[in-house]
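Here is a quick tour of a few helices and one surface feature. Have the model open and follow along.

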Amino acid sequence: MGPFRYNSYLVTAAGGDEAGYFRLAEMIYDLKLQRHTWTLGFPLAVTPFLFVFGPRFEDVFLPIVIFNGFILYGAAIALVVWGAWMVFGRVLAAFWSGFLFSFFPVVFYIFRDFGPHFSGGTWNDGNFVHANWLSWMSDPLSSFFTLSIFCLLLWSLKRDSGLPFYSFLGFLGGYSMMVRLSNIVVLAIVGAVILWRFEWKKLLFFSAFSMLGFLPQLMYNSAFFGSPIKFGYQQEYVSWIAIGAAARPIFSIENFMHLVARATQYSWLAIPAFIFIAGIAALGAYSIIRRNRLYGFIVLAWFLGPTLFYIFFTTGQTTMRYYFPAVPAFILLGVGAVLWTMERIRALKAPVSLP
């Protein structure tokens, strides 16, 4: 793990993006905004750390990594347990969901030497550290927001939550979009659930406060890119093409085909692995839908939304951390699949009563 040790205090991922996030946070802290390609959400969250610990990158690096990897990740484990309890209503199912979420990063370490192109474990070492949220990146905050939003949505369905609650949920969703634009799929899923229940006034307040939560980014885009819906990522994509990091459209079926081709290049076992993942998702969704149709839709959409977004995205084939918001949902689907399997085994073992 040596290559990922930023300093002597803590093993953590240091991939270079943190310098860009710090630059934008520094501009916000100094109230001297300039044109920058990235969104404002994570730098805004970093700004209070500059005030408390100091204005230099070295001052805030360790506190932010500890905040991401210990406070946010610890809270995320609790949220996974809470979400599983709401979905399954079983203590053991909730416990195993939290355990599997905690164990998930170890999978990367187990397969750290897997694949001919990354001998020595460097690629999966990085994934292992990122999966523990031990990084100075926006992914932990994005994953935490999506997990919080879905748990709050599940909680709201168990009671008649009012307009203030959905206003808060909308604001949280809008801000999460400033952290990662891909979180637009989260807002779409919540909006679809509200539509499912024909709660038009709640949808109106949710949408309005989503726009309010995203308003700083819209204002920034207008000031520096000439339009509220024009983002710095568009210019970043041009730079990716120039350095050879992107050779296909931003979103296309070609990106998915490239993902499959690269995976099979490592091992033909990638194909049964993909089928296994899809099977778990399908079986788990079926298991949860049998208990509660709406919950089944939410958990499946929670998994598919971020996953489909990035498998068709131009750099989604090389960056595993993009998919981390979908991990808690996959854990719940896996637990649901196991519960269904156990129920079928018990049914087969049950004595048959003769007439």
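## A helix that checks out

The expected span of a helix is 1.5 Å times one less than its number of residues. Keep in mind that what you're looking at is a predicted model. Take helix α12, residues 270-291: with 22 residues at 1.5 Å a residue, it should span 32 Å, and its end C-alpha atoms are 32 Å apart, so the two values agree.

Which residues of α12 are buried? They are A270, I280, A281, G284, A285, S287 and I288. These cover an arc of only 165 degrees around the axis, so they sit on the same side of α12. As for what covers them, the list includes α3, α11 (253-266), α13 (293-311) and α14 (327-349).

## Helix α2 and its neighbours

Now jump to helix α2, which runs over residues 41-53. Its buried residues are G41, F42, P43, V46, T47, F49 and L50. They pack against four partners: α1 (17-29), α3 (57-88), α6 (139-157) and α7 (163-179).

L92, F95, W96, F99, L100, F103, V107, I110, F111 and F114 together make a nonpolar surface patch of about 980 Å².

You'll find L92 in helix α4, residues 91-110.

Terms used
Residues numbered from 1 in each chain as written. Predicted model: local features only at pLDDT ≥ 70, side-chain atom pairs only at ≥ 80, totals over all residues. Heavy atoms only, no water. Buried < 20%, exposed > 50% of the residue type's maximum accessible area, 1.4 Å probe, protein only. Helix = DSSP H or I, 4+ residues; strand = E, 2+ residues; numbered from the N terminus. Contact = heavy atoms within 4.5 Å. Patch = residues over 30% accessible without salt bridge, like charges linked within 9 Å, V, L, I, M, F, W, Y side chains within 5 Å. Areas by Shrake-Rupley, 256 points an atom, 1.4 Å probe, with all protein chains shown as cover. Salt bridge = Lys/Arg side-chain N within 4 Å of Asp/Glu carboxyl O. Arc of directions from axis to C-beta.
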